[in-house]
Structures are given as C-alpha cells and as structure tokens.
Amino acid sequence: MRLRPVIRPSLPALGPILLLAGALALSGCVPGSTKPSPAELNAADSAAALAQQGRFDQAAQAYLAMASQYGGHADHYRVLAAEAWREEGRIEAAAPTLAQIKRANLQGDDAVRFDLLRADLALRHHDAATALRLTTQPTVAVPGVLQLRLFELRARAQAATGDHWGAARTRVQMDDDLHGLDRAENRKQIIAQLTRLDVAALKQRAAAMKPGDRMLPWTDEALSQRGIAVAQPTPALQQPVGTLLPGAQADVREGYKMPAHVALLLPESGVYAAAGNAIREGFFAAYAEDARTHAPRASVRIYDTGSSDDGALKAYQQAAGDGAQLVVGPLTRGAVATLFAQAKLPVPVLALNHPDNRQLPATDASEFGLLPESEGAQAADHMIERGLHQAYVVISGDDFAQRAANAFKAELLARGGSVTGMATLPAGANNYASLIASLHLPAGAAPAATTPAPAASTAADAAGVSGNDAGIFISMRPGQARLLLPQLQIAKITLPVFGTSHVYAGSDNPTADGDLNGVEFCDAPWLFDAQPGLPRHDDIATLLPSARDGNARLFAFGMDAWNLVPYLDWLRDHPGSYLPGATGQLTADQFGRIRRVLIWAKFQNGLARPLSGSLQVDDLPTPASSAPAPAPAGSSEQPAASSSTH
C-alpha cells in the first residue's frame, strides 16, 4: 500500500503534506533567518495554489524557479518541488533535484521530508536498506503530520528486507489513523505480511504476548486465516450503549444514530427463504417495538437476494442506487464473501454472516452471525470458571459441531486446560457404548457395561485426570443428545456435561428432554425472556410461528439486526460498550465483527431454564422446578442462523 493522494484524493496522507507545504508558503513561514520579500511570498503563494489544484508539474517548475531566484531558501524550494513530483507519482523526476540539496541547509520539517523523499526514491531503485535507514533514525523528531508517510515507507522497506513481522507491526501503528480504502488496504497488508511467517512462528509469538498487546488480535487473525483455531476469550463488557437521553418521550440512548433509509437484503425465494422469513419477521418485530418507545426509525425497503451470490450483489447494487444509507444483509457466507470482494462498497453494510473465505470485513462493513465458534469458546470459559480444567469432547459429524469443538479446544488450552479425549458420533448409530469406552474416562467413572480396563484407568491416571476436575463438552442436535446422555448414565458416568445451543430444540418438551437433565448449555437470552427491555418471547411466539421452536433463534437474530442499526458506529468507536440483545450481549471488535456473549441454561425436570447470574436476571420467569440451579437453552434442529447458512 502506498499513501498517494494524487491517485485517490481521499487518502489521508495527501492533505497534510501538501497543505503543510502550502501553509508554509502562504503564511510567509519560509525557513531560514532571512525574511522573505513580498515578491517571494507572492511567488510561493502562486506555486502552492498550483499544487492545491493538482497541477503538480507546474508547481514543481515554479518552486525550482524560486530556488534559482531566492538562493537563501533554495533547498527549501527544491524540497517542495520534489514533493510536488512525488504527489504526481513521478518520484524519479525529483532525483536530480534531491541530489542538489544539502541536508545541513534544511530547517524545521524540511529535513524530515527530504529523508522521506530519499527513502521513497530508494525503494523505487530497490534499495530497501537505504530506505530502512532513512525511516528508522532514532534521533530525528518526526512531526505528526508526517508520521503516516514515515510508517508507510518504513513498512515497505521492512517487507522488502524480509522483516515481515516488523512490517506488520509498523502497519498496525498506522491503523487507528487511517480511514476508508486506505485502512482496508493497510489491513490487507498487515495480514499479508503476517501470513508470510510460518504457523509455528506465529503461534510462538502469540503465546508470548500479554493480553492487550496490539499485535495479538492481528496474529490471531493471521492464524485463523491459515485455518488454525485460536483462542476467543469472552469479550469484556464494560457498559451498555450510551445512557438515556432526555427528549420528547423517546427512549433514545447516547450514540443512537439512525440512518434515514435502510435496505434489508434477504432471500425471499430459494433454499434459504424459510430462514430469511424468520429473520425478516424478527427484524420488523423489533422495528414495531421502536414505534412503542417513540425512537426515530428509518424507512426500510426489502430486496430479494434469491439463492445465489450474484443475486445478493445485484440486490446490494440496486439498494445503493435507490439511496439506501445502510444495507443489512446478505445472509449466506458465500454472498457476504462476494460482497466484501468488491473494490469499494458505496453504502455501509451490516452483513448477516461471516464470509466463507475468512477475509476481513470490507470498508465500512460490520459482520454479525450466530457462530458456533463463539459458543465453543464460551463453553470452555464456562468450564474453567467452574474449576474444570480437563475436558472430554463428544460431537456430531456436523460442520457446526466441528467448528465449535475446534474453538472449544483452542480456548480451553489458552486458559490452562486440556482436552483428554475426543470422539465423533458415528452417523446413523444408536448405540454409543464402544465410543464411551474409547474415551478412557477417569477411574470410578468407567462404563458399567464392560469391565474397566486397567489400561484405561492407567491412562487416565497418568494424564492426571480427576473426576473433580473434568467435564464433558458436547455439540450435537437434540435427538443425538437424548441418545447419548442416558447411555452415559447407564455407564455410571457422572461428569458434568456442557453443550452448545444446538442441544436444545428451542421450546419446552419435558418428556423428551428429561433425558437431558443436568446438561448446561449456552444460548440466546430472548428464548428465556432473560434480557430485560425486549418484548416477551412467549407473547410473540403465540402470534407468530416464525418465533417458535427451531426458528426462534433466527427470529431473535433478526430482532438484533434491527436493534444494531443505530449503534454500529458507537460500538465500533467505543470498545467495551455493548448492546443488550435478543441473541446475547452484543459488542464489536476492532475488525467490525459483532460478537455475542450468551447466557447459560440447564435442563431440570426436562425443562431448560436460565442459570442465575448468567445475565441480568431481574425479570426472569420463575423456574418451574424448585431445583437450586435453573438452566440456559440452546439451538434447534434447524441450522443455527447465519453461521450455518452457506
């Protein structure tokens, strides 16, 4: 990436550099002890005006003429001439002029600009060593207006000399001060440099970093793009979005910024039409709720994306042409990847999924999805907080289960735990006795149907596994869990069991779910009316079939999609802020991805109820059971929202 405003006028490097040069001339602040004459100031004004108009070659010639006429400031004007050529993309044309300049004659910021011009020229000549030396001078004070340009040249020099880690680190220093296309391109370069390092080196660096290190999320992102599961600690939630603002009976919080026109891109036809319908109805349920609270609302227009990625792209382009100020959607991972692959997105996006190619969100784009990885990682954190550091993992062969298990393992290892055994349920099987035996559970918890093998007990003992320090993590659909759990009980296995939302069908079924008693799982709070301030789930489910059973999470997902609209900028600009949502507490990371903090639930007497303390529980319904620990809920037998939508 090169910060060259002449090619893209919006680039942040252009304005400061040329405006600084122009300001020096226009104000008469020409470096040197000799006061410039009125004629010299007028000539400087004229040259600066040419540069500001983009007539760089003419500006350069004007500055060179001044260098010949006003010898006392000759090198100053030569620097400005070279700057003008650089802005035109002709740094080679500046070479003879730079060769005439004596650095000792330069004052103020001219010396730094001279060094940067020489570094730029050196890179053009493939002399990275010289460019690196000129951009890493410890005794040279660099003014803030030139910092971005210095970092960009230094990063290019580091990359050219093979210091890919250094180049990435330098670009990370630039990230906060870049915007738009420049920021997007710089971020691509960061990941490109980090992925030049081998996986072992990246893992080693990540392990040595402390929480809060600015390079850690970038290193994790690079590992993730290489297909490596990385730790995903539960986001720190510091304060809910804004505070209530006084107004005309409007329940509007600080940071609330509602666009005038919103486009909703969902499939109304094709294989994902049912999922799109549930999300759409949740979206407009939340929209209707805002009418009750008198909050300002956008006009919303729906666009059918169909079932193809190209259909989603065409829908976005039509929405942009129709004047949309924010696009919500598309839904499938492939469609999001297609949209993010565009060179420029003229309208900001809240994508309802994460791209299937792991690329970073596009410029002015946010991602929101119900990721199984989040559930797996939060399950690991939950177990660690319960004092359980050893885990046995039992999952189905589904994609969501594999993804959840990988994230669970990465987070558990990062928190000091370990996975002692892993098993995948064979497709179509009903008898899991041999699978249970293969896990080599701790002594005293071995399957009763077979004689405990000394080797299995020895293996567990050698691993330091204790029944008091171990638990079982599962990720599977309710039907499989209802087969597995009774067989664990028959085998006299009493380890606590923790799962993802997929273990819960989304509605109470005490007869079938009695087999799941004791299982804890993470899920969307709205299913249990565990998030104050939202319309009650049961009230809406009574009226709308799309809010029931397996569709309930998709419906809640749609509610959150609308509720996020006015707070996207606030969440991105205020780390630690969160929106109390239907699918969890919602917060944004530095890449524009909306992350969820879920609640925990537990099956008691065949009913799933939220666990006390897992969220705000002031308005929780009274558990049907008098058991001391109520329980959270999970996912349905339908693919979990956008994370499983391909």
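Predicted model: local features only at pLDDT ≥ 70, side-chain atom pairs only at ≥ 80, totals over all residues.
1. Helix H10 (180-194), strand E6 (365-368) and helix H24 (568-573) each give at least two residues to the lining of the second largest pocket. Of the contributions to this lining, the largest share is that of H10, with eight residues.

2. Ala260 is found in the loop between strand E1 (239-240) and strand E2 (261-266).

3. The neighbours of Ala260 include residues from elsewhere in the sequence: leaving aside residues up to four places away in sequence, Ala260 touches Ala298, Ser299 and Gln325. The C-alpha atom of Ala260 is also separated by 7.5 Å from that of Arg297, although the two residues are 37 residues apart along the chain.

4. The structure contains 14 aromatic pairs. In one of them, the ring centres of Trp218 and Phe591 are 4.8 Å apart and the ring planes stand at 85°, so this pair is classed as edge-to-face. Trp218 belongs to helix H12 (residues 215-225), while Phe591 sits in the loop between strand E13 (585-588) and strand E14 (593-597), and the pair therefore ties together parts that are 373 residues apart in sequence. Trp218 and Phe591 are both buried.

5. A second pair, Tyr504 and Phe528, has ring centres 5.8 Å apart and planes at 25°, and for this reason the pair is stacked. This pair links distant parts of the chain, with Tyr504 in the loop between strand E10 (497-499) and helix H21 (510-513) and Phe528 in the loop between strand E11 (520-523) and helix H22 (537-543), 24 residues apart. Tyr504 and Phe528 are likewise both buried.

6. Two further aromatic features can be located in the model. One aromatic cluster is formed by Phe283, Phe284, Tyr287 and Trp562. Elsewhere, Arg205 lies over the face of Trp165, at a distance of 4.2 Å from the ring centre.

Notes. Residues numbered from 1 in each chain as written. Heavy atoms only, no water. Helix = DSSP H or I, 4+ residues; strand = E, 2+ residues; numbered from the N terminus. Contact = heavy atoms within 4.5 Å. Phe/Tyr/Trp six-rings, centres within 6.5 Å; stacked < 30°, edge-to-face > 60°. Buried < 20%, exposed > 50% of the residue type's maximum accessible area, 1.4 Å probe, protein only. Lys NZ or Arg CZ within 6 Å of the ring centre and 35° of its normal.
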